[in-house]
Amino acid sequence: MSEVRSQVNSSGHSGPEALLDAIGAHLDRSQELLSGIDLILDRTGHCRQDVARAFGSVDCLLVALAKRFADQLGALLTRDGIKDVAAARDILIRFGIAVSKEYTASFVGLVRLVIAEGARSKELRDKVYEAGPARVSRELCEFLAAARDADVLDLPEPALATEQLMGVLREPLYQALLLHPMAESVADRSDVITAAIDLFLDGCARRPL
């Protein structure tokens, strides 16, 4: 996840953004997260009291991490750049590669942290999903709908097209959760993503690339 300048409040305790930075920087160490958040907090010089001050609870922190994940990925889907098929392709490839990389690194760690901290809490899992992956899918759906409305792509059902693309992009997450460590062929999927997006566009482009 991208870095945001740390903030410390007047009491000397870390503010919300500083905590998100510190924990986000360790999410790629996903194996360590199976035991919960305490190890990361200790390594970054924080404690659960800091989490409580900044977010109210660990659950709220995890939801905030998922939201940041979605915000950063959604920001890549710049709708003012949908001028033609080639422009839409460039945006989708940048987005797809970024999503695939996050799904093999930071988001794997977040999933494992949610499992460790909220194994019995369906409500927490649902909130993290809604703030993270579901929101990313909505952003993609809105982008594809905008491309349709701009007469760039022929997409009668943007929601269905979103599910098709996200199915390809989610695959690294499922594989990364099973492979320890993850194989290089799974981690480096830029060519796979580009080919999948080109195949998708070949079926819905109104004008040739």
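Helix α4 (residues 58-74) has 17 residues and should span 24 Å at 1.5 Å a residue, which agrees with the 24 Å between its end C-alpha atoms. The expected span is 1.5 Å times one less than the number of residues. This is a predicted model, in which local features need pLDDT of at least 70, side-chain atom pairs count only at pLDDT 80 or more, and totals for chains, interfaces and linings use all residues. Residues are numbered from 1 along each chain as its sequence is written, and side-chain values use heavy atoms, with hydrogens and water left out.

**Overall fold**
- The chain has eleven helices and zero strands; helices (H or I, at least four residues) and strands (E, at least two) are DSSP runs, numbered from the N terminus.
- Of its 209 residues, 44% count as buried, meaning under 20% relative accessible area with a 1.4 Å probe and protein chains only.
- Among contacts with a separation of 6 or more, 69% are between residues 24 or more positions apart; a contact means heavy atoms within 4.5 Å.

- The buried residues of α4 include Val 58, Leu 61, Leu 62, Leu 65, Arg 68, Phe 69 and Leu 73.
- The buried residues of α4 pack against α1 (16-24), α3 (48-55), α5 (85-103), α6 (106-118), α7 (122-131) and α8 (133-149).
- The largest nonpolar core has 54 residues, of which Ile 23, Leu 62, Leu 110 and Leu 144 touch the most other members. Such a core is a set of buried Ala, Val, Leu, Ile, Met, Phe, Trp, Tyr and Cys residues joined through side-chain atoms within 4.5 Å.
- Leaving aside residues up to four places away in sequence, Leu 62 touches Leu 110, Leu 113, Val 114, Glu 117, Leu 124 and Val 128.

**Helix α8**
- α8 has 17 residues and reaches 24 Å from first to last C-alpha, close to the 24 Å expected at 1.5 Å a residue.
- Buried residues of α8 include Pro 133, Val 136, Leu 140, Phe 143 and Leu 144.

**Second largest pocket**
- The second largest pocket holds about 210 Å³ of space.
- Its lining has 14 residues, and those closest to the pocket centre are Ala 161, Gln 164, Leu 165, Leu 199 and Phe 200.
- α9 (158-178) and α11 (190-204) are the elements that give two or more residues to this lining.
- By class, the lining has ten nonpolar, two polar and two charged residues.

Note on methods
Buried < 20%, exposed > 50% of the residue type's maximum accessible area, 1.4 Å probe, protein only. 1 Å grid on protein atoms, 1.4 Å probe; cavity = no way out; pocket = protein on both sides within 12 Å on 5 of 7 lines; lining within 4 Å. Points joined across faces, edges and corners; volume = space filled by probe spheres on them. Nonpolar A, V, L, I, M, F, W, Y, C, P; charged D, E, K, R; others polar.
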